[in-house]
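Open the model in your viewer and keep the selection panel at hand.

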Amino acid sequence: MLDVGSGLGGPARYLAATLGCDVTGIDLSPEFCEVANVLSRMTRLSDRTRFQAGDALELPFAASSFDVVWTIQMQMNIRDKRRLYSGIARVLRPGGLFVCQEICAGNGEPIELPVPWASRPNQSHLADAESLRGLIRGAGLLERTWRDITADIVAARKAQQAKAQASGASGSSAPPPLGMHLVLGEQAAVKTSNSGRNTDAGRTVFIQGVFDKPV
Ligand SMILES: C[S@@+](CC[C@H](N)C(=O)[O-])C[C@H]1O[C@@H](n2cnc3c(N)ncnc32)[C@H](O)[C@@H]1O
């Protein structure tokens, strides 16, 4: 399968470790791919996961090369989403699945910045959920499921915050050695809290979709 916008490779390794999937990841950032490959070696998953630098708008794979293509929270920076989804449909084999979990614009109010994917308004290209759904269908993919998972995401974030607070109360105030703060840099805290506030205020929603490529 192909993970488009694979980041540090966590989802790919999870699929490889739990379901035995063979996953190729592609990401715009060569540094992320380098780290992803190191982490796969460290976790002995290099035989089933590999990461290469490249642009999701120019997927360097032959037509019909993958059984499954997946994206997790990767299209927020991409303006030309029509091109993104037509490329994904091209590399998917007939009968294959496209799976996505994405952030979309919610009530139309502008989002508070910075967020993890953008510091300035011209870096963020959020579509509303119905437009995104229409773009994916427009690439020739047939919808199997489409659901709003915002409530699940909010509940997971609150559980994570409660856990962090509990470990702070037990004496450790330093951030954990590994975490998103290493990737998001100095503004990690404000980016993360803006992201949560945007969702709580209805400015962003989360969707999950599964689509078939017709045979
Ligand atoms: C929020 S991260 C998600 C990473 C990964 N999917 C995960 O869930 O752990 C978004 C990723 O999309 C990548 N990305 C953004 N635009 C891209 C593009 N045009 N082509 C490939 N990757 C892109 C970024 O470099 C980043 O690693």
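Select the shell around the ligand in this predicted model. Its residues divide into 10 nonpolar, 7 polar and 2 charged. There are 19 residues around the ligand, and Gly5, Gly7, Leu28, Ala56 and Ile72 come nearest. Next, color helix H1 (10-19) and strand E2 (23-27): these are the elements that give two or more residues to the shell.

Now go to the largest nonpolar core, which has 35 residues. Which members touch the most others? Select Val69 and Ile88. With residues up to four places away in sequence left out, Val69 touches Met1, Leu2, Val4, Ile88, Val91, Leu92 and Phe98. Elements giving two or more residues to this core include strand E1 (2-4), strand E4 (66-72), H3 and H4. E5 supplies the largest share, 6 residues.

Finally, select helix H4, residues 129-138. Ala129, Leu132 and Ile136 are buried there. These three lie on the same side of H4, because they cover an arc of only 65° around the axis. An α-helix has 3.6 residues a turn, so residues three or four places apart point the same way.

What do the buried residues of H4 pack against? Show helix H3 (81-91) together with strands E5 (92-105), E6 (142-148) and E7 (204-212). Then turn to the face of H4 that points away from its buried side: the exposed residues Glu130 and Gly134 are there. Last, select Gly140, which follows H4 and has a positive phi, near 95°.

Terms used: Residues numbered from 1 in each chain as written. Predicted model: local features only at pLDDT ≥ 70, side-chain atom pairs only at ≥ 80, totals over all residues. Buried ≥ 20, exposed ≤ 12 C-beta atoms within 10 Å, placed from the backbone. Helix = DSSP H or I, 4+ residues; strand = E, 2+ residues; numbered from the N terminus. Arc of directions from axis to C-beta. Contact = placed C-beta atoms within 7 Å. Near = placed C-beta within 6 Å. Nonpolar A, V, L, I, M, F, W, Y, C, P; charged D, E, K, R; others polar. Core = buried A, V, L, I, M, F, W, Y, C linked by C-beta atoms within 7 Å.
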